[in-house]
Amino acid sequence: MKTTLLIAVDSIRALLHQRLLLGLMLASLALTVVFSMLLSNARQNISRNFSDDQPSSNYFTVTNRMSAAEQRRFRESMDEASSMMQAGFYQVASFGGSLVALFIFSTAVASEMRKGTIRLTLSKPVSRSQFLMGKYLGGVAVMAGYALIAGIAIYLFAHTQKVELSPAIKWGPWLMFCRQLMLGSLAMLLSLFFHPMIAALLAFFAGNGFYASPNPLYFILPSYQDFNVFFQVIQGSLIGARDVLFLSVYAVDFVAIMLLLALWRFRRKELV
Amino acid sequence: MAAIRIENLTKTYYSGWSGKETTAVRALNVEVKEGEIFGFLGPNGAGKTTTIHILLNLIRPTGGAAYLFDCPVTESAVHRRLGYLPETVNLHDYYRGRALLDFYAALAGLSPESRPARVTQLLKLLKLEDAADKVVSRYSKGMAQRIGFAQALLNDPDLLILDEPTSSLDPVGRKEFRDILLELKRRGKTVFISSHILSEVETICDRVAILQTGELRRAGTLSELSAGRSTLITVKSLPANVLNALTPTAIQLTLVQGQATIRCPDETLRQFVESLLQQNGVEIVRTEAESQSLEEIFFSSIDTPSQP
C-alpha cells in the first residue's frame with residue numbers, strides 16, 4: 001500500500017506539472033465563470049424588465065410595488081433563471097471535468113512509457129499492480145480536488161448571487177466525481193490497448209448512447225447519463241439518497257471491473 | 001547461486017499487418033556468478049538491451065526463462081537486490097535532484113530515517129552536491145547520467161545492471177565510474193554491464209559474453225577467449241623443405257633477428273607444425289599462446305560486413 005501511495009503522490013506531482021492539464025482545468029473553470037456571469041446578467045435583465053416602471057431595481061422594493069400576479073410571475077422567472085444558472089454551471093463544470101479526467105487517465109501509463117520513466121520506477125521493488133493502482137489513485141485525488149473546487153464554487157456562487165440551491169445540485173459534485181472516475185477507469189483500460197487519444201474518445205462515447213435497461217449493452221457499457229443532474233436541476237426535482245447510493249455502488253462496481261481488466265492487461269503488456 | 005541465469009531465452013517481435021517476424025534474442029544461455037563484473041558486448045541490434053529489458057520484466061520472453069538470484073524475473077520483490085541504469089536516463093524532470101533520489105529511495109524500500117543520509121552520501125560520491133537542489137530538467141546529459149547512477153546505487157544493490165553506462169560521461173567521469181565499479185566488486189557485488197567501449201570493459205570485467213543478431217557468439221574470461229586460438233612457435237632457423245611444406249597452409253611466418261615465428265591459428269595446424277618441426281630436427285625456442293585484446297576477440301567473434 002505504501003508503494004502504491006508513493007506512486008500516487010508522484011502521479012499528482014506529475015499531473016500538477018503538466019501545462020496542458022492545468023490549461024484544461026483553468027479553461028474549464030473560466031468557462032464556468034463566464035457561463036455563470038452570462039446567466040447572472042440574464043437574471044438581472046429579468047429583474048430590470050419587471051422594474052421598468054419602478055424607480056428602484058432593488059428586489060424587495062420591486063416586489064413590494066407589484067401586484068400579487070406580477071410577484072408570482074417575477075418569482076417564477078427568477079427561479080427559472082436561477083435553475084438554469086445552476087444547471088449551466090453544473091453542465092460546464094461536469095463537461096470540463098470529464099475532459100480533464102479523460103486526459104489524466106488515458107495518459108497516466110502511456111506518458112510514463114513514452115518518456116521512458118517507467119523503466120526506472122519498475123526497476124525498484126514495485127509490482128505492475130502497485131504502479132497501475134498508484135497511477136489511478138493519483139488521478140482520483142486530482143479529480144477529487146476538481147470536484148471539491150466545483151462544489152465550493154457552486155455554493156459560493158449561490159451565496160453571492162443570493163440564489164437558493166436546487167435540491168438536485170447538492171448531489172451534483174459527488175455524482176460528477178463518480179462519473180469522472182468511471183470515465184477515467186475506462187479510459188485507462190482502453191489506453192493499454194490503443195493510443196491515448198483514441199482511448200479517450202472511445203471512453204467518452206461508450207457511455208453516451210445505450211441507456212435503456214432492456215438493452216444488454218446497458219449492463220456492459222457505462223451509463224454516464226444517469227449521473228447527470230442537469231434536468232433534475234432545471235426541473236427542481238429531488239434526487240433521493242437511495243438513488244445516489246445506488247449510483248455510487250454502480251460506479252464503484254464499474255470502476256472495480258475496469259481496474260481488474262486493466263490490471264490483467266497491464267501485467268501482460270510490453271512496457272518498452 | 002548465480003546472480004543472473006538466462007536459459008534458452010528467445011524474444012521475437014511481430015510487426016505490421018503481415019506480422020513480420022524479427023528475432024531480437026535467439027536461444028540465449030548466460031550465467032553470471034555472484035561477485036563478478038560481467039561484460040555484455042555486441043554491435044547495435046545484437047539483443048543486449050532486449051535481454052536487459054527481459055531481466056527487468058519490462059518485456060516478456062517468447063521462449064526460455066531468466067532468473068535473478070534464482071527467482072523468476074517476474075517477481076518484483078527480487079528488485080530489492082537490484083540497481084539499474086538505462087542507456088538513456090529518463091527522469092521525472094519535475095523533481096529537484098535530492099527530492100528525486102529521495103523518491104527512488106522510498107520506492108526502493110529505504111526507511112525515512114536512513115534516506116537523507118544515503119541520498120547525501122550518493123550525491124557526494126557522484127559529485128552532484130552543487131546540483132542537488134537544481135530541477136532535474138536543467139541537468140546536462142552527464143549530470144543526468146550521474147544521478148541515474150546514484151539512483152541505481154541507493155539500495156546498495158547486490159546486482160547492478162548497467163546499459164551503456166558511460167555513454168554521456170567525459171573521460172574523468174568514466175574513470176570515477178570505473179573506480180566505483182571496482183569498489184563494488186571488492187565488496188562482493190555483481191555488475192552486469194552492457195557497453196560499446198571495449199577498452200573500458202577490458203579493464204574491469206572478469207568475464208564477457210559477445211552477442212550478434214541475438215545469438216551468443218562467445219562467452220568466458222578474457223584469457224579463456226584468447227586461449228586455444230592462435231599459438232606462436234618460435235624457432236632458431238627454418239630449413240627450406242620445412243618452409244616449403246608450411247607455405248600452402250594458413251600459418252603466418254615472421255622472421256626477426258634470425259629467428260622465425262610461426263603463428264598457428266588453430267589447434268590442428270599447431271599439431272601439424274610441431275610434428276613437422278620434430279621430424280626435421282628443428283629446435284623450438286618457445287611455444288606460447290598468443291594473447292588477444294578484447295577488441296581482437298570481439299572482431300574475431302562477429303561477422304563484420306564485407307567491404308565493397
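Which strands of chain B does helix α9 lie across? The views below are taken from a predicted model.

**View 1. Helix α9 of chain B on its strands.** Helix α9, residues 267-279 of chain B, lies across β11 (231-235), β13 and β14 of that chain. Relative to β13(B), the helix runs at about 145 degrees.

**View 2. The open four-stranded sheet of chain B.** In chain B, four strands form an open sheet in the order β12-β13-β11-β14, and their pairing is antiparallel. The edges are taken by β12 (252-256) and β14 (284-289) of chain B; each has a single partner strand, so one side of each is left without a neighbour in the sheet. On average, neighbouring strands of this sheet are turned by 20 degrees against each other, direction ignored. Strands of a sheet pair through backbone hydrogen bonds, either parallel or antiparallel.

**View 3. The pairing of β12 and β13 in chain B.** Five bridges join β12(B) to β13(B), residues 259-264, in the antiparallel sense. One residue pair can be picked out here: T254(B) has T261(B) in β13(B) as its bridge partner.

**View 4. The contact between chains A and B.** Here 21 residues of chain A are in contact with 24 residues of chain B. On the side of chain A that touches chain B, the elements giving two or more residues are α1 (2-16) and α5 (117-123) of chain A. Helix α5(A) gives the most to this side, with six residues. Sorted by class, the side of chain A that touches chain B holds eight nonpolar, seven polar and six charged residues.

Methods:
Residues are numbered from 1 along each chain as its sequence is written. Chains are lettered from A and ligands numbered from 1 in the order in which they are written. This is a predicted model: local features need pLDDT of at least 70, side-chain atom pairs count only at pLDDT 80 or more; totals for chains, interfaces and linings use all residues. Two strands pair if DSSP finds at least two bridges between them. Axes are lines fitted to C-alpha atoms, for helices over the stretch in contact, and angles run from 0 to 180 degrees between N-to-C directions. Two residues are in contact if their C-beta atoms, placed from the backbone, lie within 7 Å. Ala, Val, Leu, Ile, Met, Phe, Trp, Tyr, Cys and Pro count as nonpolar, Asp, Glu, Lys and Arg as charged, and the others, Gly among them, as polar.
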